[in-house]
Amino acid sequence: MGDVISAHLDESRRQFITEKTGKVLAEFCQFYKEQYGVALFNSVRYEIEGSGGPQAQLLHRKVPLEDRTIFSGNLFQYMEENKKWRNRYSIVPHNYGLVLYENKLAYERGLQPRILVNSAGYKILTSLEQYVELVNNNLPGSAPKSGNTPVLKCPTQFPLILWHPSARHYYFCVMTGKEHEKWQAVFQDCVRHCNNGIPEDSKVEAPAFTDAVRMYRQSKDQYGTWDMLCGNEAQVLSNLVMEELLPELKNMIGPRLKGKAQERHRVWIQVSDAVYRMVCDQTKDHYDKAVAKCESESPGMRSAIRTDMDQIIQSKEHLASKIRASVFSKAEICVRNHVQPYISSILEALMIPTSQGFAEVREVFFKEVTDMNMNILNEGGMEKVGEYMESLSQLAFHPVKMQSCYEKMDQLKLEGLQQRFDVSSASVFKQRAQILMRQQMDDTVFTFETLLHQEMGKSVSKDELCKTIQRILERVLKKYDYDSSTVRKKFFREALLQITIPFLLKKLAPTCTGDLSRFQELIFEDFARFILVENTYEEVVLHSVMKDIMMAVKEAAVQRKHNLYRDSIVMHNSDPNLHLLGEETPIDWEEEFGGQPDSDPSDEKRRRAKQVVSVIHTDEGVPPYDEVTSLEGSPDASEPKELDHAPSPPTQGSPDNVKELRSMLVKEFHAETPLPVGGKVEEQLGNGTIAQHSEGAAEHMEEKEEEAAMEADDRPPAHSTEHQRGEQEATDATPASPAKLPSPVGDGGSQANHLEPSDKETGEEDAAVTPVCKTQVEPLVENSHRAAEDSEGVQTQF
């Protein structure tokens, strides 16, 4: 492999890659420096002025997966170096990085893993046909004809392939359809988590980074969503560099790739991966220096902001008024003609699968708690409460149990947006909604276990405990209904902005952006670090469409089928001390309420990672074979054993059927797994290099009566026509505080080049399942989620 890479990446090409990467990063770092000052000002202003948003009713777990190993099992991995399929013992630690060991014995002995894979930016493919199509489209030169020899041959009909446009690919297979579904859910969970790598709790660095990425791409005339805004900051920047670098490398290296399509595939993937790793190393170094420089200047900037806050705000408002006078009328015409007619249909397409997904989250939680209550009541399981709750506490991170919730979002279809709004993929919205579902499930479970733990401190009998669980469940479900409504409405607003704002900016660019430079003189030099003309212009454009988006979401809230609360309804916190409980030490259910005493009192066992899910439940034993020769490999190829235990007979050739291959899969199961060397596996480089180191109805009433009703029954009331008119009138006012413009370069979706022909805006005129309890526990609340029924037969057109 080294010879192949060195042949195509000689010293001159490596120098070209380094210079190109440095140029892109230098331009980006300038945008980052500018956006850092704006983000810092917004953060300090938020601290001073605060926000009047609704208070969450559910508690939030701070570190839900600390010191836990989430999944473990065995997979067959294809090794490109020797063209063999090898069995690997695989675990997924708390950071969702896939860790592959030589075997389970190597893991238990604390040896270094063979490979660490950070799956950010990867796609999960379940068939060789999907993989060949993507590889052919990504190969330099003309695509090979169909019917060519595939890149590899899988010994089973259940492959799982991790594909990345720039980095190394990974090939796995399993033996049965059931295992295939489980591992697919695990891989999707890993990708979903790793894609969401930029921490949301960062109030300065995160918005500065995402806005800088957006501004950089817009400077290259690239608007709309971007499917490679995924992973941590260094990975995103590497993807940004590769987006510009790969086309040039294809032109340089493509003509030199010789041989059959299969060999060209392999060589290009190796070259691309080597380039990606070079870019990652250089990117991380540049970005760390840029962040350190901005952080060193942060204290002085904060002091200046706090001293001159009023003057900065007045200066920004004055600038905004001048820009608004220049561009707002053009923006309103563009919104009226090209955006407003489609907002309702876009929102409907988003709401149906999202409402179904959140309804499924509610159902899964209800079923799990009800089953636990039945076990306690019918089996006399008081001594097993700790075991039940330990399992329930990790429900949000169980890939198989949560899969039914995530699958609802797979129904989201936004095909018509590609031509009109420059959105070619809905993956950014799918993954964001799925992450919110997981967060809401974990918040719900954490609130339930916190309240139950408080009650368990009292001496209660089995019957009393079951009644307590029933009562707490009702209480938590009401809180979930309220919080999930708030989360969904925020998601809908952000998604609509993310779809429409890039379209408006690109459509208005020919007639508006050219005049922006003349507004720079309105900003005092001392305030130039905190006020940017481009950001202020985008806020003006955002306000031109915000009123229509707010109106659409408010109107949707009065439709019972979406199960949303109206904004006028405020659920007062009936548990004033509840949020104080969430600050306590995390609950260890096994230690406090486990039925059996700990047989191993040593500190070693307490330090071990707790096993939440074992994806493949297998029997203990040593595999009769530890390697499988590829079907396309030499019949007499074999490899010396690397195991420390007694060697098994070497393979004499490729297996002829699935039954023979099945005998080679290690059948292992364990309830607890120790951490790798060093206590835990940290996130590694994103290219996956070889390791060296989350309804009932009420009468229409006045606002005070609504609040009183909500305290008694927190369910969204039906609305009369008179109230709907009142809600619509109330939305005519512009929001009091400027909304934060979401980055239109999302972590999903791809850039599309085709747009509807642009109009000359300067001269354009106005265009004329109720759950069934099988025990004495009665149903808790009426199942109001009718989204599945309402979605039947609905077709959204754009």
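Predicted model: local features only at pLDDT ≥ 70, side-chain atom pairs only at ≥ 80, totals over all residues.
Local features are reported only at pLDDT of at least 70 and side-chain atom pairs only at pLDDT 80 or more, while totals for chains, interfaces and linings use all residues. Residues are numbered from 1 along each chain as its sequence is written, and side-chain values use heavy atoms, with hydrogens and water left out.

**Overall make-up**

The protein chain has 23 helices and ten strands; these are DSSP runs (helices H or I, at least four residues; strands E, at least two), numbered from the N terminus. Of its 798 residues, 55% are buried, meaning under 20% relative accessible area with a 1.4 Å probe, protein chains only.

**Salt bridges**

The structure holds 27 salt bridges, each a side-chain nitrogen of Lys or Arg within 4 Å of a carboxyl oxygen of Asp or Glu. Three of them are listed here.

| Pair | N to O distance |
|---|---|
| Arginine 86 and glutamate 102 | 2.7 Å |
| Aspartate 189 and arginine 438 | 3.6 Å |
| Aspartate 211 and arginine 214 | 3.0 Å |

Arginine 86 lies in strand β2 (residues 84-93) and glutamate 102 in the loop between β3 (98-101) and α3 (104-108), so this pair ties together parts that are 16 residues apart in sequence. Arginine 86 is buried at 5% relative accessibility, and glutamate 102 is buried at 8%. Arg86 and Glu102 also belong to a network of salt bridges with Arg88 and Arg114.

The salt bridge between aspartate 189 and arginine 438 links helix α5 with helix α14 (residues 427-456), 249 residues apart. Helix α5 spans residues 177-195. Beyond its neighbours within four places in sequence, aspartate 189 is in contact (heavy atoms within 4.5 Å) with Phe71, Tyr96, Phe397, Pro399, Tyr406 and Arg438. Tyrosine 96 is 93 residues from aspartate 189 in sequence, yet their C-alpha atoms are 7.9 Å apart.

Aspartate 211 and arginine 214 are both in helix α6 (residues 205-219), three residues apart, and are therefore separated by about one helical turn. Aspartate 211 is buried at 4% relative accessibility and arginine 214 at 2%.

**The largest cavity**

A cavity is a set of points on a 1 Å grid over the protein atoms alone where a 1.4 Å probe fits but cannot get out; lining residues have an atom within 4 Å of a point. The largest cavity is lined by 14 residues, with Asn138, Pro165, His169, Trp268 and Ile269 nearest its centre. Helix α8 (261-307) and helix α4 (128-138) each supply at least two lining residues, and α8 gives the most, with five.

Terms used:
1 Å grid on protein atoms, 1.4 Å probe; cavity = no way out; pocket = protein on both sides within 12 Å on 5 of 7 lines; lining within 4 Å. Buried < 20%, exposed > 50% of the residue type's maximum accessible area, 1.4 Å probe, protein only.
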